[in-house]
There are 2 protein chains.
Amino acid sequence: SPMHDVDCDINHQYIVHCRRENDEIYMPFSFIKKYFEVYGELQSVEGQEKFEFSHSYSEVHQPPDVIRPDGIFMSFEHYNVEIRKRVLCVTATEGVPMSTQWEPAGHYYPIQIAQFGLSHYSKQIFEGDPEVTTLLSGNDLDLDRWLVASKTTVHSLFDKMRLSDVIEFQSSDSLTNQGFHASMKEGSHFAVTMDIKFISNGSITATIRSDSNTFRVHYVFSRRLISCSGRDIYYGLGENHLGKWIHLARDIDLDLFKGLALKCSKSRKTKDFTLLDIAIRGHGWVDNVTISSSAHMDHFYDAANWFLNNQDTRGGWPIGVQRKLIPDVMELAPGWYSAMAQGQAMSTLVRAYLKSNNSVYLHAAENALKIFEISSAQGGVKARFGDTYDWYEEYPTTPSSFVLNGFIFSLFGLYDLKQVASGEALETVTRFYNEGLRSLKAMLLMYDSGTGTFYDLRHLTVGLGPNRARWDYHTVHISQLLQLSRMEDDPLFARTAKRWDEYRVGKWAPHN
Amino acid sequence: SPMHDVDCDINHQYIVHCRRENDEIYMPFSFIKKYFEVYGELQSVEGQEKFEFSHSYSEVHQPPDVIRPDGIFMSFEHYNVEIRKRVLCVTATEGVPMSTQWEPAGHYYPIQIAQFGLSHYSKQIFEGDPEVTTLLSGNDLDLDRWLVASKTTVHSLFDKMRLSDVIEFQSSDSLTNQGFHASMKEGSHFAVTMDIKFISNGSITATIRSDSNTFRVHYVFSRRLISCSGRDIYYGLGENHLGKWIHLARDIDLDLFKGLALKCSKSRKTKDFTLLDIAIRGHGWVDNVTISSSAHMDHFYDAANWFLNNQDTRGGWPIGVQRKLIPDVMELAPGWYSAMAQGQAMSTLVRAYLKSNNSVYLHAAENALKIFEISSAQGGVKARFGDTYDWYEEYPTTPSSFVLNGFIFSLFGLYDLKQVASGEALETVTRFYNEGLRSLKAMLLMYDSGTGTFYDLRHLTVGLGPNRARWDYHTVHISQLLQLSRMEDDPLFARTAKRWDEYRVGKWAPHN
Ligand SMILES: [Ca+2]
Ligand SMILES: [Ca+2]
């Protein structure tokens with residue numbers, strides 16, 4: 001019997017055009033997709049077409065088998081923080097991402113900076129050491145790869161501060177000057193690092209080719225963090241860095257990508273670039289110029305150092321933008337702290353301490369504890385649920401919001417610090433961690449919707465509908481539970497992770 | 001372009017056969033129905049076929065506009081308690097349903113009895129007075145409709161206890177004897193009521209015809225509550241009722257229906273019966289025999305009187321069966337109290353008091369309060385959530401279960417009693433009600449799954465998956481919230497009812 005048309009009356013609210021064949025009704029996927037929030041794609045495998053129906057769109061990444069304070073952070077080797085649209089660029093002044101989220105003018109968002117650092121740290125462990133080519137070293141003046149333009153001088157000298165031989169260069173600081181430059185043989189590597197001190201004005205330029213177009217990324221002494229003009233992209237090195245040694249670590253391909261996003265050029269290409277040349281101009285000293293497949297540890301330390309340099313007297317990293325979770329109902333004025341920022345900073349700083357053995361990082365992590373004890377109402381991050389459970393707020397709103405993933409990330413920070421702290425700090429961090437863990441065990445299942453998870457508990461505090469977590473947050477929840485199952489003996493975490501993973505493929509909790 | 005076959009790969013787990021036409025994929029409803037737990041039916045309207053897709057299967061009934069302690073109870077005019085499969089029968093000893101839920105041998109379940117009483121009370125208000133025909137009255141001995149078999153005598157006499165004229169009858173008590181019987185002209189009415197006292201053995205028989213079959217329902221002095229033999233069905237009147245005035249109110253069609261469910265006869269008919277005859281035999285006194293379209297108030301008082309006669313010294317109605325919410329995890333040993341039973345008993349007793357003006361009902365309702373103050377651990381019904389909120393448990397398990405609908409029904413009972421109580425009872429009931437309301441406002445949204453509701457909070461107390469409420473419980477939740485919105489000023493109730501009603505048609509809470 002042939003297929004014929006039949007109207008489907010959806011809840012007596014509207015009509016969808018279906019098909020009928022014998023006793024079976026066929027409903028169009030365009031309706032199903034929208035109505036049930038599912039996904040599907042027609043695939044062709046070896047000439048055979050197949051429709052791939054997916055309940056959700058996100059994959060769960062596994063945390064390491066053993067959770068160590070110097071190990072991969074959760075599953076952050078899969079994170080690519082700086083590629084996100086809401087990252088304006090990785091600034092050349094600080095080497096950390098600048099966010100345009102909630103504030104288009106841009107701001108340093110400590111959570112994003114920590115995630116940038118922790119993702120690069122995790123990638124370093126996951127990927128192993130990068131391929132590194134030294135282009136220039138003061139200890140061994142080999143200029144084979146370098147070209148020296150006219151009116152440019154280059155020579156070696158001993159730097160008493162660095163206790164090392166370095167290269168002094170001197171040329172015109174005009175961007176039209178080729179200066180002192182190296183052609184790249186490693187055109188598919190983009191991570192350029194160097195130690196450099198400009199004595200007077202100067203700049204660095206990377207030249208990149210894509211098909212028929214040539215782009216130039218310039219690092220210059222300008223106040224503007226990033227700007228563009230045609231195929232020229234400019235990153236400011238920070239005027240206050242003139243006359244000082246700086247360690248620069250740039251992913252040139254990322255810098256180009258963020259520059260192209262400013263749309264001075266019509267090119268929208270995002271791959272198949274070749275790095276042609278690195279040029280240095282003006283007057284200054286330089287050492288340890290390298291080209292590598294990646295510079296993960298440099299980025300990691302840039303993040304860790306940002307936390308060192310920007311911690312306030314309360315031990316916190318205040319966030320300078322207004323945040324509206326629910327306009328007029330849950331808002332934070334600029335200057336708020338985030339338990340997630342404090343915790344992720346701890347995870348970053350503890351790793352920096354363990355890698356560098358420099359206790360300044362440990363002390364910064366310990367100082368970050370104080371904010372955990374201050375209630376949201378008093379400008380801190382601590383909420384209470386039902387006058388019974390402490391909760392460390394990612395967004396310390398009043399009324400409380402109880403965001404789950406941010407709270408667990410704050411616990412991860414406390415856990416990392418607990419492994420290395422001593423004395424009073426150890427007592428404090430242990431108390432905060434244990435209290436938090438107690439709250440988590442009691443409250444975790446409040447986030448279980450039976451078909452997915454809730455992002456927060458705003459429905460309980462303001463009496464509106466629950467805020468269902470989209471699938472990528474749901475998978476973060478699952479990864480976090482898997483990590484907790486490795487940190488703690490309670491079977492609650494593994495059991496819940498399993499059920500939440502089943503929700504991802506449409507296996508719902510039973511109804512009565 | 002024609003429709004052709006394509007495999008749908010469901011979450012990489014199994015294959016469903018779909019159809020494709022151009023860019024549209026059509027999925028079979030047999031899959032959608034099972035996967036998404038939705039409903040659908042092919043309808044033919046004026047020769048035009050249409051597929052009715054329904055997200056849920058339950059309708060929301062509106063409670064009254066004004067909530068009064070003598071009004072319709074919620075939307076119970078739509079309830080048909082005794083028709084349910086888990087009701088063995090309405091016993092002829094007590095006039096209330098006997099439940100086979102959780103105990104196939106049968107038990108009196110106070111919640112079911114209250115709902116039986118409250119539904120008949122509400123139907124009485126909703127339907128208005130029934131059509132009543134008096135078949136026999138001691139005050140006016142009119143035997144036109146009655147036939148008197150041989151060796152049977154009937155005469156009028158004055159009963160000093162009832163201070164009324166009544167009819168004395170005397171005949172053989174054999175069931176083969178026709179006794180003293182009336183033919184029915186009101187064959188489609190089935191509610192038979194009478195006041196009767198058997199001095200020695202005797203019985204009452206209703207004869208019912210369906211097509212070619214004749215059935216007989218006998219009310220006899222037997223210990224067996226209900227039994228059958230071929231087309232004869234027997235209800236026990238209770239041996240201890242011999243020699244006492246009893247008020248009998250039977251829905252003959254229900255009694256037949258429950259008898260047929262015992263499967264002595266092959267007949268499975270459930271409608272189109274005709275009541276032919278009522279016969280009385282043996283030796284006794286009778287008065288006020290009626291045949292009516294319904295006997296709602298008789299059933300209501302049977303329920304209210306059951307509560308009077310079965311209240312224990314703690315003011316409770318202990319439930320004599322074991323209840324396993326989760327085997328080995330949440331169990332109740334026989335003898336447990338239920339806040340829902342206490343509350344629904346109050347709603348029943350308060351209505352009986354207001355209708356009868358008999359304060360014995362009010363005092364029983366007030367005595368029912370005491371159990372609310374005793375914790376579950378101590379054999380009462382009071383749980384605590386997070387050491388902050390009192391909760392009156394339908395099932396006072398340890399750990400707590402926090403069943404929502406039972407708690408709200410207990411609040412309705414307290415609310416009804418609060419309208420009529422005085423003195424210390426008023427103080428107590430007001431305190432219990434206010435505490436409960438405070439808990440409900442704080443905890444209500446814990447039951448909001450974003451796509452439906454949870455039946456209880458077992459997931460929070462035992463750390464397992466949540467227990468999603470099936471749609472009929474979900475609609476009870478909505479009706480309860482609508483009633484609360486009329487009882488209390490807080491806009492939370494109407495707002496939540498609206499959202500929960502939207503879930504019923506697939507409008508989910510947003511995700512982030
Ligand atoms: Ca050197
Ligand atoms: Ca009378």
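1. Let's settle one term before anything else: a residue is called buried when its relative accessible area is under 20%. Keep in mind, too, that this is a predicted model.

2. With that term in hand, look at helix α3 of chain A, which spans residues 252–260. Most of this helix is covered, with seven of its nine residues buried. Which residues of α3(A) are buried? They are I252(A), L254(A), D255(A), L256(A), K258(A), G259(A) and L260(A).

3. Now for the metal in ligand 1, a calcium ion. S164(A) coordinates this calcium ion through OG and D287(A) through OD, at 2.2 to 2.4 Å. The two residues come from distant parts of the chain, 123 residues apart: S164(A) belongs to strand β11 (residues 164–170) and D287(A) to strand β18 (residues 274–292). Are they buried or exposed? Both S164(A) and D287(A) are buried.

4. Over to chain B and ligand 2, also a calcium ion. Written as a spacing along the sequence, the donor residues read S-D-x121-D. Here S164(B) sits in strand β11 (residues 164–170) and D287(B) in strand β18 (residues 274–292), so to speak linking distant parts of chain B, 123 residues apart.

5. Why does S164(B) count as buried? Because its relative accessibility is 14%, and the cut-off is under 20%. D287(B) counts as buried as well, because its relative accessibility is 2%.

Notes:
Residues numbered from 1 in each chain as written. Chains lettered and ligands numbered in written order. Predicted model: local features only at pLDDT ≥ 70, side-chain atom pairs only at ≥ 80, totals over all residues. Heavy atoms only, no water. Donors = N, O, S within 2.8 Å, 3.2 Å for Na, K, Ca; no water. Helix = DSSP H or I, 4+ residues; strand = E, 2+ residues; numbered from the N terminus. Buried < 20%, exposed > 50% of the residue type's maximum accessible area, 1.4 Å probe, protein only.
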